Structures are given as C-alpha cells and as structure tokens.
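Thanks, everyone. I have one model to show today, and I will keep it short.

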Amino acid sequence: MLRRKPTRLELKLDDIEEFESVRKDLESRKKQREDAEGVAPGEEAAAAAAIALGADHKSREQIINDRIGYKPQPKAGGRAAHFGTFEF
C-alpha cells in the first residue's frame, strides 16, 4: 500500500562528474596496489589458485571452514554417546 507518491530522483551533471572522479580514484589506487604487489591483473587468478594449491593441500571443505571461521568439533562415536551409560 502506498501512503505517498514515490519520490523522484534526478541525476545531475555534478553527480555524474563526482561519480567519475571517485571511480577514477579507486581505479588508480587499485592499480598502485597491484604494482606494489608485483602481480599483473591477469595473473591474479593464477596466483590465487597457486596459493590455494600450495603447501597445505587442504580440502575444499577445510578451506571454506577456515574462511568463515567454522571449527567443527569431532563427533563422539559409539553407542555410549547416543544412549548414555546403557549398554546393549
């Protein structure tokens, strides 16, 4: 249900110029960061893959768990874990 008419937003020339200046600034910072790291833009994916397949050789699940900060607890095995101290 609309209680008032929708507000009309107008894009002005000043807004466009400001957007372009901010975008160019961000692109220049990104380029400087890439130059400082010594990695070409096309090599970023290859470098990321090399890091992922590096010395650790973790499984995909372990990499995801590390990234999100999940540390799974080992499950207690055996019937005693399910039924307490009762034995069958």
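Start with N65. This is a predicted model, so treat what follows as computed. Setting aside residues up to four places away in sequence, N65 touches Y70 and P72. Where does N65 sit? It is found in helix α3, which covers residues 60-68.

Now, is N65 buried or exposed? Its relative accessibility is 13%. The cut-off for buried is under 20%, so N65 counts as buried.

Keep that in mind as we look at the whole chain. How many of its residues are buried, as a percentage? Of the 88 residues in the protein chain, 2% are buried. N65 is a buried residue in that setting.

What about the secondary structure? The chain has four helices and zero strands. Along the sequence, the pattern reads α-α-α-α.

Next, the surface. The protein chain exposes about 9100 Å². Carbon and sulfur atoms supply 56% of that area.

One spot on that surface deserves a look. L11, L13 and I16 form a nonpolar patch there. Together, these three residues have about 330 Å² of accessible area.

Where is L11 placed? It lies in the segment before α1, and α1 spans 13-37. Buried or exposed? L11 has a relative accessible area of 67%. Exposed means over 50%, so L11 is exposed.

N65, in helix α3, is buried at 13%. L11, in the segment before α1, is exposed at 67%.

How values were computed. Residues numbered from 1 in each chain as written. Predicted model: local features only at pLDDT ≥ 70, side-chain atom pairs only at ≥ 80, totals over all residues. Heavy atoms only, no water. Patch = residues over 30% accessible without salt bridge, like charges linked within 9 Å, V, L, I, M, F, W, Y side chains within 5 Å. Areas by Shrake-Rupley, 256 points an atom, 1.4 Å probe, with all protein chains shown as cover. Salt bridge = Lys/Arg side-chain N within 4 Å of Asp/Glu carboxyl O. Helix = DSSP H or I, 4+ residues; strand = E, 2+ residues; numbered from the N terminus. Buried < 20%, exposed > 50% of the residue type's maximum accessible area, 1.4 Å probe, protein only. Contact = heavy atoms within 4.5 Å.
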